[in-house]
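Thank you all for coming.

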Amino acid sequence: MAIEIAVKAAAGAPDVLGDCPFCQRVLLTLEEKKVTYKLHLITLSDKPKWFTEVNPEGKVPVAKFDDKWVADSDVIVGIIEEKYPEPSLKTPPEFASVGSKIFGSFVTFVKSKDPSDGSEQALVNELKALDEHLKAHSPYIAGEKITAADLSLAPKLFHLKVALGHFKKWTVPEDLTSYYKYTELLFSRESFVKTKTEEKYVIAGWESKVNP
């Protein structure tokens with residue numbers, strides 16, 4: 001039986017996959033494991049009644065397992081790993097937190113209006129740390145095989161590239177060559193191409209956060 005998964009629809013395009021990186025992370029996990037799923041696209045400004053009934057908090061993603069709707073991408077990915085152990089996407093514990101501070105640093109920088117607040121350097125430091133890690137362990141965070149850590153990071157790094165390129169005309173320093181190889185590899189994977197949203201929807205999604 002196919003897993004049912006409710007994810008964000010694109011702003012102004014209710015039939016198009018939206019820009020939620022946590023939703024994409026779950027879809028990437030399902031695609032990499034070749035698990036059949038049924039997609040529900042949810043317009044967050046106009047949530048359908050059935051959705052708010054099964055999910056009163058109204059957050060996405062939510063997935064249905066054994067007639068029960070479950071929220072939180074961490075929890076959902078954990079259940080998928082348990083129910084569909086092959087191929088394993090478990091990240092070895094020692095690598096589980098690699099790159100985990102990048103998204104928070106990116107959010108602070110993209111919203112920042114003060115060039116001297118240190119937010120750019122804080123992000124660069126996190127990206128350098130990932131680049132250093134990838135020099136020693138490549139092509140993926142845990143080495144040869146893609147794991148959950150990569151699938152969590154990939155959508156966030158796509159947002160980083162698109163949003164900072166648009167709002168700040170900023171790109172990741174060119175000397176972080178391992179980082180560039182890594183993102184090229186992730187963004188070209190079949191699972192990523194199939195589950196990513198268009199760049200214009202990523203920009204639209206950040207617009208209200210960058211220019212409230």
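Let me begin with a term: a residue is called buried when its relative accessible area is under 20%, exposed when it is over 50%, and partly exposed in between, with a 1.4 Å probe and protein chains only. What you are looking at is a predicted model, in which local features need pLDDT of at least 70 and side-chain atom pairs count only at pLDDT 80 or more, while totals for chains, interfaces and linings use all residues. Residues are numbered from 1 along each chain as its sequence is written, and side-chain values use heavy atoms, with hydrogens and water left out.

First, the annotations. UniProt, in an unreviewed entry, places "domain: GST N-terminal" at residues 10–88 and lists "domain: GST C-terminal", also from an unreviewed entry, at residues 66–212; such annotations may be inferred rather than shown by experiment. Helices here are DSSP runs (H or I, at least four residues), strands are runs of E of at least two, and both are numbered from the N terminus. Over residues 10–88 the chain is 37% helix and 25% strand, with the end C-alpha atoms 31 Å apart, whereas residues 66–212 are 61% helix and 3% strand, with their end C-alpha atoms 40 Å apart.

Now to the charge pairs. A salt bridge is counted when a side-chain nitrogen of Lys or Arg lies within 4 Å of a carboxyl oxygen of Asp or Glu, and a search of the whole structure finds twelve of them. One of these joins Lys64 to Glu4, with the closest N and O atoms 3.8 Å apart. Because Lys64 lies in strand β4 (residues 62–65) and Glu4 in strand β1 (residues 3–10), this pair ties together parts that are 60 residues apart in sequence. Lys64 itself is partly exposed, at 24% relative accessibility.

Strand β1 also carries Lys8, whose side chain meets that of Asp19 in a salt bridge at 2.8 Å, N to O. Asp19 sits in the loop between β2 (13–17) and α1 (21–32), so here the parts tied together are eleven residues apart in sequence. Are these two partners buried or exposed? Asp19 is buried at 6% relative accessibility, and Lys8 is buried too, with a relative accessible area of 19%.

A further pair lies within helix α5 (residues 119–136), where Asp131 and Lys135 are four residues apart, about one helical turn, and their side chains form a salt bridge of 3.5 Å, N to O. Asp131 is buried at 1% relative accessibility, while Lys135 is partly exposed at 49%. Salt bridges with shared partners join Asp131, Glu132 and Lys135 into one network.

Finally, the helix packing. The axes of α4 (residues 102–111) and α9 (residues 199–210) come within 9 Å and cross at roughly 65 degrees, the axes being lines fitted to C-alpha atoms over the stretch in contact, with angles running from 0 to 180 degrees between N-to-C directions. Which residues of α4 and α9 meet? Taking contact as heavy atoms within 4.5 Å, Phe103, Phe106, Val107, Val110 and Lys111 in α4 meet Trp206, Lys209 and Val210 in α9.
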